[in-house]
Structure formats: structure tokens, C-alpha cells
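Please open the model in your viewer and keep the sequence panel beside it. The stops below say what to select next and what is to be found there.

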Amino acid sequence: MNFGSHETTGPDQTRHIGNTLGKTLSGGEVLAITGDLGAGKTCLIQGIAQGLGIASSDITSPTFTLIHEHEGRIPLFHIDLYRLEKPTEVEAIGLEEYFSRDGVTAIEWAERATPLLPQNRVDITLSHEGGNNRRITITKKGEL
Ligand code: ADP
Ligand code: MG
């Protein structure tokens, strides 16, 4: 996995980092992704999907549903908590059930569910660095 800090200058580079990461995944990983609106969380997940053998165009920002499931080399559960209105909702969607499944769970706005996240996970933060520059930091938490 490409742990550490990366700087990208456009969406294609961000997708490339996601693709590289996606290729290393074997299932069961939880990716907790944080960053402001427009930081590139969905873009990164498009690359991760590619790395899992899923068409990146299938990855869109979920609107009404909080979870999208995709079939690939390994299933990808794309969760976006942006529209979460109250913390109890996250229990209602059965977030924790995904963690014990064999797929990769990628969660946008993961900080909205911090108490529910597994200790063993990958934290990914994206930040705006002016213009089209983004900093992407990938950190392992616990044992993987
Ligand atoms: P988020 O899911 O974090 O809200 P998106 O991935 O949906 O963000 O959108 C990121 C937006 O920023 C896209 O419109 C993309 O084209 C643009 N962008 C510009 N530079 C970058 C970059 N280096 N990495 C990712 N996205 C970028
Ligand atoms: Mg998004």
C-alpha cells in the first residue's frame, strides 16, 4: 500500500494514486476518507475502483443512498456520510456490518462515524493546497 504523503496537481494524478492503492487491496480493508468538499475523495475512490477492476465511471457521489455496492475483483462498498443528518442514522444503515464483509469499504466523511470505525483501518486525508493541488496522506491504523 502506498502509505505516506502524496502531492497531486490534478484529478488524473489523484485517480492514479487511488488505482495504485486499489491494486494492493485484498478485501476486508476499511478506508476512512476525510477532506473538505471538493478535496477529491470521490475522485480518489474512482481510482481505487479501477484498481479493483471496477469502471471508475460507476463511482459517483451518492445522492439519496448513503451506500453503493460495486462488484469487482473484490466488492467495493462506497459509503458517503455527507448527507448524514444525525449520528443514529449511521447505525440504521448498518455501517458496521460492512466491516466484517470481504469487500473493501471506502467511507467519505468518515469523521462523522468515528466512534463506529474499526481500530484496524486505513485513514486517508485529502486537503486543498491551492489551485488543483491536493495533499493525500495515507496512514495505517492498528494491525492490517
Ligand atoms: P469530494 O468527493 O472530496 O467532495 P470530488 O472528488 O467529488 O471531491 O471532486 C473533486 C473536484 O476537484 C473535481 O471536480 C476535480 O476535477 C477537482 N480537482 C482538481 N484538482 C484535483 C486533484 N488534484 N485531485 C482531485 N480532484 C481535483
Ligand atoms: Mg465526494
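## The sheet

Begin by colouring the strands, seven of which form an open sheet with mixed pairing in the order E1-E7-E6-E2-E5-E4-E3. At its edges lie strand E1 (4-8) and strand E3 (67-70), each of which pairs on one side only. From one strand to the next the twist averages 15 degrees. Helices (H or I, at least four residues) and strands (E, at least two) are DSSP runs numbered from the N terminus, and two strands pair if DSSP finds at least two bridges between them. Strands of a sheet pair through backbone hydrogen bonds, either parallel or antiparallel.

Before going further, please note that this is a predicted model, in which local features need pLDDT of at least 70 and side-chain atom pairs count only at pLDDT 80 or more, while totals for chains, interfaces and linings use all residues. Residues are numbered from 1 along each chain as its sequence is written, chains are lettered from A and ligands numbered from 1 in the order in which they are written, and side-chain values use heavy atoms, with hydrogens and water left out.

Now click on Gly4, which is in strand E1 and is partly exposed, with a relative accessible area of 27% (buried means under 20% relative accessible area, exposed over 50%, and partly exposed in between, with a 1.4 Å probe and protein chains only). Leaving aside residues up to four places away in sequence, Gly4 touches Ile136, Thr137 and Ile138, where contact means heavy atoms within 4.5 Å. A C-alpha to C-alpha line drawn from Gly4 to Thr139 spans 6.3 Å, although the two are 135 residues apart in sequence.

Arg121 stands opposite Lys141 in E7, and Asp123 stands opposite Thr139 in E7. The hairpin of E6 and E7 has five residues between the strands, and Gly130 in this hairpin takes a positive phi near 90 degrees.

Show helix H1 (residues 11-24), which lies across E1, E6 and E7 and runs at about 145 degrees to E1. Axes here are lines fitted to C-alpha atoms, for helices over the stretch in contact, and angles run from 0 to 180 degrees between N-to-C directions.

How do the axes of H1 and H2 cross? The axis of H1 comes within 6 Å of that of helix H2 (residues 41-51), and the two cross at roughly 40 degrees. That makes H1 oblique to H2, since angles under 35 degrees count as roughly parallel, over 145 as roughly antiparallel, 65 to 115 as roughly perpendicular and the rest as oblique. To inspect the contact, select residues including Pro11, Thr14, Ile17 and Leu21 of H1, and Cys43, Leu44, Gly47 and Ile48 of H2.

Just after H2, stop at Gly53, which takes a positive phi of about 85 degrees.

Move to E3 and strand E4 (residues 76-80), which run antiparallel and are joined by four bridges. Glu69 stands opposite Phe77 in E4, and a hairpin joins E3 to E4 through five residues.

Then select Val90, which is in helix H3 (residues 87-92) and counts as buried at 3% relative accessibility. Not counting residues up to four places away in sequence, Val90 touches Leu81, Leu84, Leu95, Ala113 and Leu116. From Val90 to Arg112 the separation is 22 residues in sequence and 8.7 Å in space, C-alpha to C-alpha.

Finish at Trp109, in the loop between E5 and E6. Phi of Trp109 is near 60 degrees, a positive value in a residue other than glycine, and Trp109 counts as buried at 10% relative accessibility.
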